[in-house]
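Please open the structure in your viewer and keep the selection tool at hand. The tour goes from one selection to the next.

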Protein chains: 2
Amino acid sequence: MHNTLEYIHKMILEVVDIDAIEWANYSAMFEIKEFKKKEVILNVNSICQNVYFVNSGLLRTYFTDKNGRESTFHFAQEFDLATDLESFIQQTPSKYHIQALEETQVVVWPHKMVFDGYKNLRNGEKLGRMLTEKYFILFSNKIQSLYTKTPLERYNEMNKRFPTILQRVPQHYIASYLNITSVHLSRLKNE
Amino acid sequence: MHNTLEYIHKMILEVVDIDAIEWANYSAMFEIKEFKKKEVILNVNSICQNVYFVNSGLLRTYFTDKNGRESTFHFAQEFDLATDLESFIQQTPSKYHIQALEETQVVVWPHKMVFDGYKNLRNGEKLGRMLTEKYFILFSNKIQSLYTKTPLERYNEMNKRFPTILQRVPQHYIASYLNITSVHLSRLKNE
DNA sequence: CTTTAGCAATAACATATGTTATTATTTTCA
DNA sequence: TGAAAATAATAACATATGTTATTGCTAAAG
């Protein structure tokens, strides 16, 4: 937990100036929560009220299409964050589910805290912009990968960048991350 | 041109307060540019220095994969904007091309103007945050569509939301927008 | 006006990916 | 510990999508 708060502190310091007193007051508002394995912590169509930083464990965000088929959009490991930013920003119904794949502890950044920060922190607005930009770049890379790479290429890419994920989660989640079936992934691995 | 500036002014007023004097000083820095049909105005690996608002004509942003195949990411019609925001923000090599599909006139929002605005406008940072959020939401919708819908569904969606585009551009650009071949699109339409 | 290049449809075939069912193994948990 | 559920591989078949080539039509350019 302290590690994650330290991580957040550093991340914020990288983009804006925030002094010790501000940080002490601000960071006191973070909350800690625990989720059980397989617990769904955000449902489609509910309003996303939190940004979650993973302290320990693993979260995944995923879509379901009209046939109920799931596509995993993102795995959030230690220090990663998970949220439906669109729902969070606009306070509109969420398009994702978020689910804990393991027993997971998170640092919670509640909506009110984020939005109050825009006003109350000296560099609140700038912080908001920079973090939105960071998150945007995640999406931008995702889109490029989806448009220009084959499932096999994306599997290899994943293998390089998140090697431990492949050990931690069942293969059908990996397949759903690649937006293919587990049968097809099994075939691709035989090459 | 005046229409587009008015449009931008309104868009800004929707999200932050900007008074007449500020706007007069600020908007004087916009530039106007014209591009010929088929002209490429941003190349992959160059640094994106501008946000373009289309005043008249039509732009498209697109990827190329390692086989040189193109995927159109977005069509920007009148009042729409086109940029590679990731490259623009970070001043890193662009991942997209941007090309004029028709004789096109744009309002140019140069990088320096945007970044100076963060400091010099009273609500510059907030404006930056809100516009980044807006652009993020575009991407967020795109991703959901890519993950959960079939090419045919995305064709029909496009038909509803941008009916004029289908008349304005050759079908193989539409196919590249759907990330399928023009042969396949032709087949899908026979249903 | 005429020539050329670009475009859209189509057919035939090839490849990628999905579906269903079966089986063996592993994990979960009562 | 033992039964039930989840998992991964595999095979056989079905469907979606890509590739190449051909044709006729339309738009662009000299």
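The stops below go from the whole model to single residues.

**Before you start.** This is a predicted model, in which local features need pLDDT of at least 70, side-chain atom pairs count only at pLDDT 80 or more, and totals for chains, interfaces and linings use all residues. Residues are numbered from 1 along each chain as its sequence is written, chains are lettered from A and ligands numbered from 1 in the order in which they are written, and side-chain values use heavy atoms, with hydrogens and water left out.

**Stop 1: chain A, coloured by confidence.** The score to colour by is pLDDT, the predictor's confidence in each residue, from 0 to 100. Chain A averages 95, and 99% of the residues score at least 70. Helices (H or I, at least four residues) and strands (E, at least two) are DSSP runs, numbered from the N terminus. Among the elements of chain A, the lowest mean pLDDT, 92, belongs to helix 1 (residues 2–15), and the highest, 98, to helix 3 (residues 85–90).

**Stop 2: chains A and B together.** Superpose chain B on chain A: a rotation of 180° with 0.0 Å of shift along its axis does this, with an RMSD of 0.0 Å. Select Arg129(B) next: in chain B, its C-alpha is the nearest to the axis, at 2.1 Å. Both copies use the same surface, since 100% of the contact residues of chain B recur in chain A; contact means heavy atoms within 4.5 Å.

**Stop 3: DNA strand D.** Sugar and phosphate make up 65% of the atoms of DNA strand D that come within 4 Å of the protein.

Now show side chains:
- Asn190(A) has a side-chain N or O atom 3.0 Å from a phosphate oxygen of DNA strand D.
- Lys37(B) has a side-chain N or O atom 3.4 Å from a phosphate oxygen of DNA strand D.
- Arg187(B) has a polar side-chain atom 2.8 Å from a base nitrogen of DNA strand D.

Helix 9 of chain A gives the most to the surface near DNA strand D, with four residues.

**Stop 4: helix 4 of chain A.** Select residues 111–120; His111(A), Met113(A), Val114(A), Gly117(A) and Tyr118(A) are buried there. Buried means under 20% relative accessible area, exposed over 50%, partly exposed in between (1.4 Å probe, protein chains only). The buried residues of this helix pack against several elements, including strand 3 (50–56) of chain A and helix 5 (124–148) of chain B.

**Stop 5: Glu86(A).** This residue is in helix 3 of chain A. Is Glu86(A) buried or exposed? Glu86(A) is buried, because its relative accessible area is 8%. Its side chain makes a polar contact with that of Lys95(A), at 3.2 Å. A polar contact is a pair of N or O atoms within 3.5 Å; within protein, one must be able to donate a hydrogen and the other to accept it, and residues adjacent in sequence count only if both atoms are side-chain atoms. Leaving aside neighbours within four places in sequence, Glu86(A) is also in contact with residues of chain B, among them Phe136(B) and Asn141(B).

Note on methods. Copies are superposed by least squares on the C-alpha atoms of residues with pLDDT of at least 70 in both. A residue is near a molecule or strand if one of its heavy atoms lies within 4 Å of it.
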